Amino acid sequence: MAKEMLMVRIYLSEADHGKRNALINEIMAILHDRHRVHGVTVFRGIAGFGAGGVVHSADLLRISAHLPLVVEFFDDEKVVTSALAALADLVPPRHIVSWPITCHVE
């Protein structure tokens with residue numbers, strides 16, 4: 001059996017700050033505590049750059065590299081829409097992408 005859902009990917013940096021804490025911590029609290037999404041994974045990149053073109057990479061000579069983070073989660077459209085509304089004021093514009101998925105369930 002298959003179920004239609006939405007997958008979301010949020011692009012951040014380790015250096016991003018939310019209203020009170022590190023942005024990643026605030027996003028995780030919203031997704032876990034308030035919206036109980038089906039699953040969340042955070043990936044830490046070894047290198048990346050944003051619109052400004054400044055490359056950040058894992059380097060032994062740098063103590064703080066501000067490495068890229070990718071938050072990925074999925075759930076029913078209603079849950080995802082509600083979660084994205086809660087994240088709208090926290091996440092910079094154009095840092096969230098989403099697409100429909102088929103989740104295979106028994």
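Predicted model: local features only at pLDDT ≥ 70, side-chain atom pairs only at ≥ 80, totals over all residues.
Biologist: Where does tryptophan 99 lie, and what is its relative accessible area?

Modeller: Tryptophan 99 belongs to strand β6, residues 96-104. Tryptophan 99 is partly exposed because its relative accessible area is 30%.

Biologist: Is histidine 35 buried or exposed?

Modeller: Histidine 35 sits in the loop between α1 (23-34) and β2 (39-44). Its relative accessible area is 16%. Buried means under 20%, so histidine 35 is buried.

Biologist: Which side chain makes a polar contact with the side chain of histidine 35?

Modeller: Leave aside neighbours within four places in sequence: histidine 35 is then in contact with Ile30, Val79, Ser82, Ala83 and Ala86. The polar contact is at 3.4 Å. The partner is the side chain of serine 82.

Biologist: Why are the buried residues of α2 on the same side, and what arc do they cover?

Modeller: Helix α2 spans residues 77-87, and its buried residues are Val80, Ala83 and Leu87. They are on the same side of α2 because they cover an arc around the axis of only 65°.

Biologist: Which residues are exposed on the other side of α2?

Modeller: The buried residues of α2 have cover that includes β1 (2-13), α1 and β5 (68-75). The other side of the helix has exposed residues. These are Glu77, Lys78 and Ala85.

Technical notes
Residues numbered from 1 in each chain as written. Heavy atoms only, no water. Helix = DSSP H or I, 4+ residues; strand = E, 2+ residues; numbered from the N terminus. Buried < 20%, exposed > 50% of the residue type's maximum accessible area, 1.4 Å probe, protein only. Polar contact = N/O pair within 3.5 Å; in protein donor to acceptor, adjacent residues only side chain to side chain. Contact = heavy atoms within 4.5 Å. Arc of directions from axis to C-beta.
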